[in-house]
Amino acid sequence: MALATVSTNKGFGGVQGVYRHASTETGTDMTFAVYVPPHEAGAKLPVLWYLSGLTCTHANVMEKGEYRRACAERGIIFIAPDTSPRGDTVPDDESYDFGKGAGFYVDATLRPWVNNFRMYSYITRELPALIAEHFPVDMARQGITGHSMGGHGALTIALNHPDRFRSVSAFAPIASPMNCPWGEKALTRYLDAGRAAWRRHDATALIEDGARVSEILVDQGDADPFLAEQLKPELLQSACDAAGIPLTLRMQPGYDHSYYFISTFMDDHIHWHADRLA
């Protein structure tokens, strides 16, 4: 699969790159960021996927996430995809929480979204194959994390693919899209099936229905303005408690939903994943 290099910069001894390719899943060009830490020639390195939140692209975490030092220290490749297809021919919505920048990591089945908004298949099938072809990755050692909508994506993808991901964490995830305005809007307008089919895209529901991972780490700011209405970590906690999944839910005093919060705890998450990917 062809890959075009948009830019590369050296950081902490490694290479921060931005790349573009023509996606068959979304029918558009897709851009993503990869940080490859310093390593010996021929080495294969573990991978940490980072899924971004509403309105974001690969650039938000790349510029504000402060992950490169820890990735260089632990020898982790960090991959940051986009949140939706882009382009003039891609359908959009005037609201910030739907359409471009708000793919919700599902494969849309309703028009006009069905032809382009296939972020679930893009993240779980197409992009991993591209990464394996072009980067020194050990695909047997993969972790996944994300923020907000991307936290929802990380949790649901890990729960749907427990054989692929050794570790999963999240920053302020949408813990139950079926039970919040952001999620109900997205699932209603992207998917033609009823609420029963939504459950595979809801981390809390997936756990209630029997999906399992070995453990989960979640950081959540207690000053997050979206905490009560949109994020609802208590639902994830209840489902994990009932299922016997160890959930470390750290409520961080005074932190909001921004990259000030994410960057503060990014090192913790990278080292946590690195220990499990060793």
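User: Is Arg118 buried, partly exposed or exposed?

Analyst: This is a predicted model, in which local features need pLDDT of at least 70 and side-chain atom pairs count only at pLDDT 80 or more, while totals for chains, interfaces and linings use all residues. Residues are numbered from 1 along each chain as its sequence is written, and side-chain values use heavy atoms, with hydrogens and water left out. Buried stands for under 20% relative accessible area, exposed for over 50%, and partly exposed for what lies in between (1.4 Å probe, protein chains only). Because its relative accessible area is 23%, Arg118 is partly exposed.

User: Which residue meets Arg118 in a salt bridge at 3.7 Å, N to O?

Analyst: A salt bridge is a side-chain nitrogen of Lys or Arg within 4 Å of a carboxyl oxygen of Asp or Glu. The partner of Arg118, at 3.7 Å from N to O, is Asp107.

User: Which residues are linked with Asp107 and Arg118 in a network of salt bridges?

Analyst: The side chains of Glu25 and Arg125 meet in a salt bridge of 3.3 Å, N to O. The residues linked with Asp107 and Arg118 in the network are Glu25 and Arg125.

User: What is the relative accessible area of Asp97, which meets Lys185 in a salt bridge?

Analyst: The side chains of Lys185 and Asp97 meet at 2.7 Å, N to O. Lys185 counts as partly exposed at 25% relative accessibility, whereas Asp97 is buried, with a relative accessible area of 10%.

User: How many salt bridges does the count come to?

Analyst: Among them is the pair of Glu25 and Arg125. By the 4 Å rule, the count of salt bridges comes to 13.
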